[in-house]
Amino acid sequence: MSQIFIHRDGQDQDPYTLEQVQACVVISTLTATDFAWCEGMPDWVPLSSVLARLDQQGEHVSDGWRRKVATCDQKSEMRFLGFKVKRDLTQGDCQDQIDEACKELTVKSRLEIFRVKKTKEKEFLEFLQRSSFKLRMTIPNVGQVRETIDFLHDDIPNWASETSAEEFATLILSRYPELKNNWDSLNIKIDGTTPDDWGSDPATERQLSYLRDLGATVPADVSKAEASELI
């Protein structure tokens, strides 16, 4: 089975199997236009070209993924498109309905925007979760992040590719000044460390809410440190 390498954001990612690539395309973590390479290719080309070449060479993707339980991202897209999400939905069921809906170009365009926003939402939230102490801010809730992303989308062309996580943090602080926090008054060092007992405290409701949004399995007694690790 050929290994497929993906080039994204200026970096070469670890190799994927053909089945892993197919699964990632289904849940939109990879797209047909991502640059890819496999043995025998003269240069980096769109992923769709690599898949077509492998198909011509007789390497076919297993359809086993179709019978697996629908992913959280698929269910989110189904709800966005107005479909009822049944408990026993499979990845194949979701993909068929999403593909059918996207035959209408306006729907396809709306879904592409939704996917970009969801991707950037996860990226920005992860950065803010990791960096809140250095930034001297409280971690914003999902609604605040989404509202700020909507503002970017409506007012700034090419925002998704041109807005760094650091710039997003500055923007959300300007829109929600109540997120600013004077960590010095709490005797907390702003160097990526916290008091020894911080990590053993119970996870915050915001951490738990974010983990639920990501579809993670969360132990009942999870601590702040463990929640941060999971995120």
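**Helix packing and salt bridges in the predicted model**

The crossing of helices α3 and α4 is left-handed, a term applied when the near helix is turned anticlockwise from the far one by less than a right angle. The structure is a predicted model, in which local features need pLDDT of at least 70 and side-chain atom pairs count only at pLDDT 80 or more, whereas totals for chains, interfaces and linings use all residues. Residues are numbered from 1 along each chain as its sequence is written, and side-chain values use heavy atoms, with hydrogens and water left out.

Helices are DSSP runs (H or I, at least four residues) numbered from the N terminus. The axes of α3 (residues 72–80) and α4 (residues 91–101) come within 10 Å and cross at roughly 35 degrees; axes are lines fitted to C-alpha atoms over the stretch in contact, and angles run from 0 to 180 degrees between N-to-C directions. Contact, defined as heavy atoms within 4.5 Å, joins Gln74, Glu77 and Met78 of α3 to Gln91, Cys94, Gln95, Gln97 and Ile98 of α4. By class, this contact has 3 nonpolar, 4 polar and 1 charged residues.

Serine 76 also lies in helix α3. With a relative accessibility of 19%, serine 76 is classed as buried (under 20% relative accessible area, with exposed over 50% and partly exposed in between; 1.4 Å probe, protein chains only). Residues up to four places away in sequence aside, serine 76 touches Phe114 and Lys118.

Side chains of opposite charge can pair when their charged atoms come close. Salt bridges (a side-chain nitrogen of Lys or Arg within 4 Å of a carboxyl oxygen of Asp or Glu) number 7. One of these joins lysine 122 to aspartate 73, at 3.0 Å from N to O. Because lysine 122 lies in helix α5 (residues 105–135) and aspartate 73 in helix α3, the pair ties together parts that are 49 residues apart in sequence. Lysine 122 is partly exposed at 27%, as is aspartate 73 at 22%.

A salt bridge also forms between glutamate 123 and lysine 120, with the closest N and O atoms 2.9 Å apart. Both residues lie in helix α5, 3 residues apart, about one turn of the helix. Glutamate 123 is partly exposed at 34% relative accessibility, whereas lysine 120 is buried at 9%.

Arginine 175 pairs with glutamate 147 in a salt bridge whose closest N and O atoms are 2.5 Å apart. This pair links distant parts of the chain, with arginine 175 in helix α8 (residues 165–175) and glutamate 147 in helix α6 (residues 142–155), 28 residues apart.

Note on methods. Helix = DSSP H or I, 4+ residues; strand = E, 2+ residues; numbered from the N terminus. Nonpolar A, V, L, I, M, F, W, Y, C, P; charged D, E, K, R; others polar.
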